[in-house]
Amino acid sequence: MPIDVGPVYEGERIRGNQMYVELGGPKIEKKFELVRVSKNVTDGKVTINGPDLKDMEKGSTHPIGIFVEVFGKILEEDLEAVFERRIHEFCNFINGVMHLNQRYTNWMRVSIQAFEKGLNSFQMIGTILIRLFKAELPIIEKAQVTFYTDTKSIEKPHKMAMEVYNARDERARGLHDEDVDMFYGCVLCQSFAPTHACCITPDRTSLCGSINWFDARAAAKVDPKGPIFEVVPGECYDVFAGHYQGINDMMKKRSLGEIEKVYLFSGMEFPHTSCGCFEAIDFYIPELGGHGIIDRSHDGPAINGLPFSAMANQTGGGKQMPGFNGISIQYIASPKYQQYDGGIKNIVWMGKALKDRVAEFLPADLVDKIATEEDVNDINALQAWLEEKKHPIIETDAYKIAVGGGEEEEEEYETAGAMVPMGTQTFTVGGAGGLGGFKVILKNCKIHAESVIIKKLDGKRKK
Ligand code: SF4
């Protein structure tokens, strides 16, 4: 191989100006990665449908389908999702390849440097995947990989992959926490977020959406010392919050003491940590005391003015971030969805495509009351919408306090502020000493504040 391969390259970032090509990601509608157990596997075979890396123009973006078929005498279907998640890890082992996300949201970049060193064919990436699958998971005896890199060839396998994901999710929806006596943990994403561990229970699927309780059970059975392991729930302090001693212990150990307490079903109190692979974000809307959900493929800002990418900065990194919680789409269908915060009835806004996708799992009397970007564009319009539609949140104390204000508060704050996106900010503070003010540039810094109040200066206003 012309490039190095190893865990040391996990976490490598390839920025837009360093990339030779981009594969999948938000600009591409159909992309997927799938692993299936099969008896018909030709060990070591790599097939490319569509243009190969060397045929792609520098700076271009293409569809990507990665279909891995594996064989082993003791392999079972339950292991497919767990093997599939390793595609993320193994691709990131390749120096000059960056892989993000999973299932039908996969996103890869190959760097200019790697291409110039000779990484110019999917044949090499496929061979690396096959060798790593067999070396890291010795129960796999044979493996073959097929790539799809154009819109025509990916059509059929993409449809098949979506059917497989749906079947896995449907099976998992029938099982609940009270039906089992074992939970699972996963630390596969610690190379990106060292204090993050996923708690996987029947009612709280992993936030990447790719490992449900059945998958985790199968993985822990074949490799009990691996990255997916058993978590004895232990004493339950609050079943409604999803607060278990066993989960606290696991989190404390795996986060090296950073996180001591997790409520599985809350995004506001001791929330589950988020790495960077979450399928969607449950975010608090302080102006209304409710929550919104934006998913990774949402184009444009959410109702709070922030796009997914800006909120993802705030959410990820393995910290507990009350108000920004990484979730799987499957979790939205859980009857325990963020129940400690008020549950699904607290959701007042969702991206349209996401709402359409999960509509059948939402309470029938709530579906038409949750607004999308097609219904409202700002918080004031959303408030009017909720009241017109008689959304159940308008009866809650949280809503009344959030919108009610009260005389004292109205005098103090003249107008409601909008949230400012995270990231690199540049702004000018006028009149703060010297002529013309001064510029403050905050680079790559994250600021956490309980609240930010932006007041318009009014000369006539009484201080
Ligand atoms: S998001 Fe969680 S379950 Fe999914 S791979 Fe990462 S740590 Fe594992």
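Keep in mind along the way that the model is predicted.

Let's start with the overall layout. Where the two touch, domain 1 contributes 21 residues and domain 2 contributes 23 residues. On the domain 1 side, helix 1 and helix 4 (151–173) each provide at least two of the touching residues. If you sort the residues on that side by class, you get 6 nonpolar, 4 polar and 11 charged.

Four strands form an open sheet with mixed pairing, and their order is 2-5-8-3. Strand 2 (32–37) and strand 3 (46–49) sit at the edges; each has a single partner strand, so one side of each lacks a neighbour in the sheet. Going from one strand to the next, the twist averages 15 degrees. In general, strands of a sheet pair through backbone hydrogen bonds, and the pairing can be parallel or antiparallel. Strand 3 and strand 8 (residues 142–148) run parallel here, joined by 4 bridges. Within this pair, T47 is found opposite T146 of strand 8. Helix 1, made of residues 80–92, packs on the sheet and touches strand 2 as well as strand 5 (65–71). The direction of helix 1 makes about 135 degrees with that of strand 2.

Now for the ligand. There are 13 residues around it, and C186, C189, C198, S206 and C208 come nearest. By class, this shell holds 10 nonpolar residues, 2 polar and 1 charged.

Let's finish with a single residue, A241. You will find A241 in the loop that links strand 12 (236–238) and strand 13 (243–244). Is A241 buried, exposed or partly exposed? A residue needs 20 or more C-beta neighbours within 10 Å to count as buried, and 12 or fewer to count as exposed. A241 has 19 inside 10 Å, so A241 counts as partly exposed. Leaving aside residues up to four places away in sequence, A241 touches Y263, F265, S266 and Y340. F133, by contrast, lies 108 residues from A241 in sequence and 38 Å from A241 in space, C-alpha to C-alpha.

Conventions. Residues numbered from 1 in each chain as written. Predicted model: local features only at pLDDT ≥ 70, side-chain atom pairs only at ≥ 80, totals over all residues. Near = placed C-beta within 6 Å. Nonpolar A, V, L, I, M, F, W, Y, C, P; charged D, E, K, R; others polar. Pairing = 2+ DSSP bridges. Axes fitted to C-alpha atoms, helices over the stretch in contact; angles between N-to-C directions. Contact = placed C-beta atoms within 7 Å.
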